[in-house]
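Subject: A structure for you to explore

Hi there,

Here is the structure I promised to pass on to you. Have a look around it first, and then read on for what turned up.

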Amino acid sequence: VLRGNYVEMGRAAVLNATVDDYVADMLSVARAVKPPPILVGHSMGAIVAQRALRRSRTPAAVLMNPVPITGLAWSAMLLAQRDPEMFHDVNLMQHVHPRGAPFKSLRRALFSNKVADGHVVRHLERMQAESERALFDLSWPQSVFFETADIPLLALGAGDDALFPPWMITSSA
């Protein structure tokens, strides 16, 4: 459980959380599980999992649509150039609740067109803004070095992902 990412934990817990705070959260859970778990992370969570790999005895990791090694700032600039409306709406989601951002843009940015509208609405209602500090940490190129190269790693991405295109996922892998 990453601090502040559940309603009952309170929004204050996430306001100034850093990526390193999230790594500590992941490691505290991973160290309590026997045998050591496979670490799985999506987007920012994939960077958290990568950083946690260096300090855990996990047998493997799965990175789903990881934040690119070029960082979020580069991805954001490319999105702003490619689709200014979506760039605006995704940023609006961070600063206003997702219900305040245009549904059509958020749907295109975050969900496959195969997902029913009702499911999209349900997931958007559960979403919240992320820690500004963590987003800042992720804005810059991400360098993750492993002390052991023998940890199996699976990197997954979607062919039509609006935020992180396949070439970004490949470069992260």
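Let's begin with Thr-18. Apart from its neighbours within four places in sequence, Thr-18 is in contact with Arg-133, Ala-134 and Asp-137. Please keep in mind as you read that this is a predicted model.

Where does Thr-18 sit? You will find Thr-18 in the loop between α1 (12-15) and α2 (19-32). Thr-18 counts as buried because its relative accessibility is 11%, and the cut-off for buried is under 20%. Thr-18 also shows how a chain can fold back on itself: Thr-18 and Phe-136 are 118 residues apart in sequence, yet their C-alpha atoms are 8.7 Å apart in space.

Now look from the other side of that contact. Asp-137 belongs to helix α8 (residues 132-139). Leaving aside neighbours within four places in sequence, Asp-137 touches Thr-18, Val-19 and Gln-142. Asp-137 has a salt bridge as well, with Arg-133, and the closest N and O atoms of that pair are 3.2 Å apart. About one helical turn separates Asp-137 and Arg-133, because they are 4 residues apart in helix α8.

Side chains of opposite charge can pair when their charged atoms come close.

How many salt bridges are there? The count comes to 4.

- Arg-108 pairs with Asp-83, with the closest N and O atoms 2.9 Å apart. Arg-108 is partly exposed, at 38% relative accessible area, while Asp-83 is buried at 17%.
- Asp-117 forms a salt bridge with Arg-107, and here the closest N and O atoms are 2.9 Å apart. This pair links distant parts of the chain, with Asp-117 in helix α7 and Arg-107 in helix α6, 10 residues apart. Asp-117 is partly exposed, with a relative accessible area of 44%, but Arg-107 is buried at 14%.

Helix α6 (residues 103-110) also holds Ser-105. Ser-105 is buried, with a relative accessible area of 2%. Which residues does Ser-105 contact, leaving aside neighbours within four places in sequence? They are Glu-85, Met-86 and Asp-89.

In helix α7 (residues 117-126), look for Leu-124. Leu-124 counts as buried, with 6% relative accessibility. Leu-124 and Met-93 are 31 residues apart in sequence, and their C-alpha atoms are 9.6 Å apart in space.

Val-62 is part of strand β2 (residues 61-64), and Val-62 is buried at 18% relative accessible area. Beyond its neighbours within four places in sequence, Val-62 is in contact with Ile-38, Leu-39, Val-40, Gly-41, Leu-154 and Leu-156.

A positive one is formed by Arg-31, Lys-34, Arg-54, Arg-55 and Arg-57. Of these residues, Arg-54 is in the loop between α3 (44-53) and β2 and is partly exposed, with 36% relative accessibility. The other patch is nonpolar: Trp-74, Met-77 and Trp-167 make up about 360 Å². Trp-74 sits in helix α4 (residues 72-82) and is partly exposed at 38% relative accessibility.

Finally, step back to the whole chain. The secondary structure comes to 9 helices and 3 strands, and from the N terminus on the elements run α-α-β-α-β-α-α-α-α-α-β-α. Of the 173 residues, 40% count as buried. The chain exposes about 9,900 Å², and carbon and sulfur atoms supply 61% of that area. Among contacts with a separation of 6 or more, 58% come from residues 24 or more positions apart.

Enjoy exploring, and write back with any questions!

Best wishes

Notes. Residues are numbered from 1 along each chain as its sequence is written. This is a predicted model: local features need pLDDT of at least 70, side-chain atom pairs count only at pLDDT 80 or more; totals for chains, interfaces and linings use all residues. Side-chain values use heavy atoms; hydrogens and water are left out. Helices (H or I, at least four residues) and strands (E, at least two) are DSSP runs, numbered from the N terminus. Buried means under 20% relative accessible area, exposed over 50%, partly exposed in between (1.4 Å probe, protein chains only). Contact means heavy atoms within 4.5 Å. Patches are made of residues with over 30% relative accessible area and no salt bridge: like charges are joined within 9 Å, nonpolar side chains (Val, Leu, Ile, Met, Phe, Trp, Tyr) within 5 Å. Accessible areas come from the Shrake-Rupley method with a 1.4 Å probe; for residues, only the protein chains shown count as cover. A salt bridge is a side-chain nitrogen of Lys or Arg within 4 Å of a carboxyl oxygen of Asp or Glu. Lys and Arg count as positive and Asp and Glu as negative; His and the chain ends are not counted. The place of a charge is taken as NZ of Lys, CZ of Arg, CG of Asp or CD of Glu.
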